[in-house]
Amino acid sequence: MTKIITIITDCDNTLLPDAPSLLLKDNGINPQEFWDKISDMVNDKWDPPIAWMTELVNLMNDGKIKQNTNAKLREFGATIEVYPGAATFLDEMNETIGKELDVKIEGYVVSSGIESLMKGTKISQSFTDIFGGSLYEQNGVISGIKSSITFTEKTKFIFAIMSHN
């Protein structure tokens with residue numbers, strides 16, 4: 001039985017630039033103004049991921065963000081340039097260290113980011129799975145938040161990944 005080494009990482013500003021900010025820029029929205037508004041919401045006791053996801057959905061519903069379906073978010077993710085080596089390091093580690101030590105190296109992303117967007121990026125090709133917040137669609141467009149991964153909930157996903165392996 002091959003032993004498994006599991007690597008768990010965040011995504012935005014770890015494997016690739018801040019995807020929500022890139023999405024905002026792509027739609028002509030000033031990211032700093034957006035994040036300043038989110039800071040005000042957090043100061044008003046909003047949970048950070050729920051605050052920014054809610055505001056993103058509001059911008060979609062107002063027609064200010066054109067990527068208003070999960071498929072369009074995935075397509076946008078494909079345009080994001082990941083950091084050097086982020087899309088290939090797991091494959092490279094399996095080809096070298098994995099073969100040398102007879103282990104399998106798996107990678108998981110556990111992020112407060114948007115899952116459909118992250119799954120569209122080049123990192124999805126080598127990571128075993130990507131977990132993030134999800135948005136639901138109604139009448140063919142994103143209508144709200146289906147789930148979010150708050151900072152505390154990340155531990156729940158880590159436990160589930162480790163229990164699976």
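Is Lys 104 buried, partly exposed or exposed? Lys 104 is partly exposed, because its relative accessible area is 42%. Buried here means under 20% relative accessible area, exposed over 50%, and partly exposed in between (1.4 Å probe, protein chains only).

A word on the model. It is predicted: local features need pLDDT of at least 70, side-chain atom pairs count only at pLDDT 80 or more, and totals for chains, interfaces and linings use all residues. Residues are numbered from 1 along each chain as its sequence is written, and side-chain values use heavy atoms, with hydrogens and water left out.

Now the salt bridges. The structure has 9 of them. The criterion is a side-chain nitrogen of Lys or Arg within 4 Å of a carboxyl oxygen of Asp or Glu. Lys 104 pairs with Glu 106 at 3.5 Å, N to O. Glu 106 is buried, at 7% relative accessibility.

Next, Glu 81 and Lys 122. Their closest N and O atoms are 3.6 Å apart. Glu 81 sits in the loop between helix 4 (70–78) and helix 5 (89–101), and Lys 122 in the loop between helix 6 (115–120) and strand 3, so the pair ties together parts 41 residues apart in sequence. Helices (H or I, at least four residues) and strands (E, at least two) are DSSP runs, numbered from the N terminus. Glu 81 is exposed at 55%; Lys 122 is partly exposed at 34%.

There is also a network: salt bridges link Glu 115, Lys 119 and Asp 129.

Strand 3 (residues 129–138) and strand 4 (residues 141–147) pair antiparallel over 5 bridges. Pairing requires at least two DSSP bridges between two strands. Gln 138 stands opposite Val 141.
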